[in-house]
Amino acid sequence: MLGITRIWHDVAGREQVVADGSLIRIATALGYPAGTGTEIAASLDRIAQERREPPAMLVTGVGLPTPLPPGLIELALAREDGTPVPGDQPVWELPPIDEPGYYTLTIGEHRLTLAVAPATCPTLADLLPESRRNDRLWGAAVQVPALRGARPQAFGTFAQLAEAVELFAGLGADALAINPAHALFPGNGHGFSPYSPSSRLYLNAAMGDPELVGLPAPPLGEAAAADGLIAWESAMPERQAHLRAVFDGLDAQTRARIAADNAAHEPGLTRQAVYDALDCRYRPQGAHGWPDWPEELRSPDSDAVARFAADHPEEVAFHAFTQWLARESLGQVQQRARQAGMAIGLVGDLAVGVDPAGADAWAMRDDLLDGLTIGAPPDPLGPLGQNWMLTSFSPQGLKRSGYAPWIRMVRAALATSGALRIDHAFGLARLWVVPEGEDSCAGAYLEYPFADLVRLAALEAHRAGALIIAEDLGTAPHGFLPAIESAAMLGMRVLWFERAADQGFIGAADYAAEAVAMTGTHDTATVAGWWTGRDLDWAEALGRLPEGTTRADAEDNRAWDRGLLWATLTGDHTPRPAPENPGPVVTAALAHIGRTPSRLAIAPLEDLLAEVEQPNLPGTITEHPNWRRRLAAPLADLLAQPDTAARIRALTDGRAGTGE
């Protein structure tokens with residue numbers, strides 16, 4: 001009834017049963033206590049009542065009749081003496097609508113929104129000119145903070161991203177995929193993971209660049225870094241101080257222009273700015289977000305919050321300015337990408353959840369999970385399971401709100417990109433939820449209104465004229481893959497996971513056409529790192545080798561896999577390079593994904609540069625330098641190096657060919 005799955009199957013196909021204690025805690029956290037018989041009865045009555053209530057939104061598809069739920073049309077037939085006449089409820093339907101969009105539907109005294117989605121998301125054939133309809137495109141994936149440009153900075157911002165899109169467009173790329181640009185906690189040098197945002201509605205203010213939008217800016221130094229890593233602890237406060245200096249230097253006319261631009265983003269923008277102002281006030285006192293604030297400030301609608309905003313107008317205005325700066329800067333990047341000839345431009349990334357102490361959780365308490373965090377059961381990327389310590393929308397909250405906050409989130413992500421990657425897209429169908437304070441093994445799968453969310457994603461992509469990419473790596477829920485394929489969402493086909501039944505790597509010709517072919521992601525070993533065994537070094541050092549496997553065992557397995565990979569990449573008897581010589585393998589891997597029939601191939605920048613270290617190691621926080629790595633030199637210099645140029649040619653030549 002609540003969509004909590006008691007029995008599920010792990011990555012090896014073994015049946016798993018969720019313990020009663022976990023079920024009770026999860027149901028209670030969803031607002032349906034189940035600890036006693038009395039509580040269960042009351043919760044069942046509440047569920048029955050909620051099912052009789054009219055919905056806030058109906059989601060349907062173009063050209064389809066739409067059945068109306070009983071909550072909208074209830075008929076009762078009674079005899080003359082008042083006794084009811086038994087019988088089935090008639091089924092009432094709305095006639096098909098042929099134009100996608102949002103409609104207002106009024107039935108009696110009830111008004112709701114009717115969302116009519118197109119049959120599919122836009123495809124590359126829809127977006128490309130006739131002369132390019134059959135082209136197989138390529139692009140790169142970059143971690144924005146890792147970028148270096150001509151200007152020295154402590155970490156890459158949208159200024160360096162603007163340089164990157166023009167450089168890659170000059171090489172013939174049509175897309176540049178980036179890590180999430182969601183709002184973090186302003187000036188905080190400790191919460192820097194792009195996948196643990198404060199809000200998915202707003203942007204990381206530290207990424208905005210004054211010069212991109214024509215504003216003067218004081219010089220920005222480069223905070224001290226060690227071993228080529230970003231020193232976030234010092235860099236973020238310095239960046240915040242720099243942005244304050246820019247804000248303080250604005251004249252009245254510019255402030256008025258910014259306020260006028262921001263008016264279209266109200267009232268949510270001011271609420272975000274107030275949250276950021278409060279966070280900056282209380283974080284130095286040891287608070288991590290709103291749960292640690294004084295009680296009267298924990299609701300955004302409280303009188304105390306209103307008084308704080310009224311008493312600190314300049315502070316609120318500063319944070320609204322930083323959001324304007326980030327939004328306008330990222331918009332400039334996408335504009336430059338398209339002007340430079342990219343068919344897609346930026347591929348944004350939508351994180352699967354938010355920090356439970358962040359701005360979204362503060363502003364949308366009734367719409368998000370409370371007392372539950374999300375993660376993953378054990379799988380190849382996280383052998384011990386994962387608790388990401390994030391929250392996300394609750395299924396009940398989505399339905400009560402008519403999906404309004406989810407739609408706003410997707411719309412915000414599409415506003416400055418030509419495609420959107422949905423991180424852990426399985427979350428459209430189900431999420432692994434964990435009772436607060438528990439390990440991931442105490443969790444269970446919670447079902448989501450999958451059909452509605454897919455249709456809404458298609459509708460928003462249609463309105464934006466953008467592609468949708470579903471990160472579908474891992475064990476897919478039943479029916480998930482056919483559904484996203486039918487909706488023309490592009491799946492991800494990553495080299496390491498494209499294996500045949502005998503565990504050999506599949507040939508390039510066997511990749512799916514309507515998909516994104518990749519040599520890796522930010523969560524996987526780079527090609528050079530895998531070939532040299534750098535990932536095994538990390539696994540051994542952190543005690544993450546599979547249970548019962550020694551380093552010698554892992555080396556033997558890797559040696560066998562190297563042979564399988566090299567045979568697939570070359571298709572001949574070319575001598576296999578030694579483990580310490582990954583260069584030829586990286587080039588061959590890039591050529592391999594280039595030859596696939598997949599309409600889009602994306603290579604991580606780390607592979608184009610033949611780097612051995614990966615940006616992130618799933619399941620670690622401080623044990624591995626996640627999200628700290630920086631390029632060794634400006635991107636323009638690295639792309640001009642002969643070896644890098646040769647690797648890019650291998651990819652582009654594969655794209656221009658006819659495939660295997």
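Let me start with the largest nonpolar core, where, of its 88 residues, Leu161 and Phe168 touch the most other members; by a nonpolar core I mean a set of buried Ala, Val, Leu, Ile, Met, Phe, Trp, Tyr and Cys residues joined through side-chain atoms within 4.5 Å, and buried means under 20% relative accessible area, with exposed over 50% and partly exposed in between, using a 1.4 Å probe and protein chains only. Helix 4, residues 158–170, gives the most to this core, with 7 residues; helices here are DSSP runs of H or I with at least four residues, strands are runs of E with at least two, and both are numbered from the N terminus.

Before going on, please keep in mind that this is a predicted model, in which local features need pLDDT of at least 70 and side-chain atom pairs count only at pLDDT 80 or more, while totals for chains, interfaces and linings use all residues. Residues are numbered from 1 along each chain as its sequence is written, and side-chain values use heavy atoms, with hydrogens and water left out.

Staying with Phe168, what does this residue touch, not counting residues up to four places away in sequence? Its contacts, meaning heavy atoms within 4.5 Å, are Trp138, Ala140, Val142, Ala173, Leu176, Met342, Leu605, Leu608, Leu635 and Leu639. There is also a second, separate core of 85 residues, which includes Ala183, Met364, Ile374 and Ile484.

Strand 13, residues 345–350, is mostly covered, with 6 of its 6 residues buried. On pairing, which requires that DSSP finds at least two bridges between two strands, strand 13 runs parallel to strand 10, residues 175–178, over 3 bridges. Strand 13 also pairs in the parallel sense with strand 16, residues 419–422, over 4 bridges, and there Val347 stands opposite Ala419.

Strand 17, residues 430–435, has 6 of its 6 residues buried, so this strand is largely enclosed by the rest of the structure. Strand 17 is joined by 4 bridges to strand 14, residues 372–376, in an antiparallel arrangement, with Leu372 opposite Pro435. Another 4 bridges join strand 17 to strand 18, residues 444–447, again antiparallel, and in that pairing Arg430 stands opposite Glu447.

Let me turn now to charge. Side chains of opposite charge can pair when their charged atoms come close. With a salt bridge taken as a side-chain nitrogen of Lys or Arg within 4 Å of a carboxyl oxygen of Asp or Glu, the count comes to 29 salt bridges. One of them joins the side chains of Arg6 and Asp20, at 2.6 Å from N to O. Arg6 lies in the loop between strand 1 (4–5) and strand 2 (7–9), and Asp20 in helix 1, residues 20–29, so the pair ties together parts that are 14 residues apart in sequence. Arg6 is partly exposed at 37% relative accessibility, and Asp20 is likewise partly exposed, at 46%.

A further salt bridge is formed by Arg551 and Glu540, at 2.8 Å from N to O. This pair links distant parts of the chain, with Arg551 in helix 17, residues 551–570, and Glu540 in helix 16, residues 534–541, 11 residues apart. Is Arg551 buried or exposed? At 18% relative accessibility, Arg551 counts as buried, whereas Glu540 is partly exposed, with a relative accessible area of 43%.

Arg629 and Glu613 also form a salt bridge, with their closest N and O atoms 3.4 Å apart. Both lie in the loop between helix 19 (605–608) and helix 20 (635–640), so the pair ties together parts that are 16 residues apart in sequence. Arg629 is partly exposed at 21% relative accessible area, while Glu613, at 18%, is buried. These two pairs belong to a network of salt bridges that links Arg534, Asp537, Glu540, Arg551, Glu555, Glu613 and Arg629.
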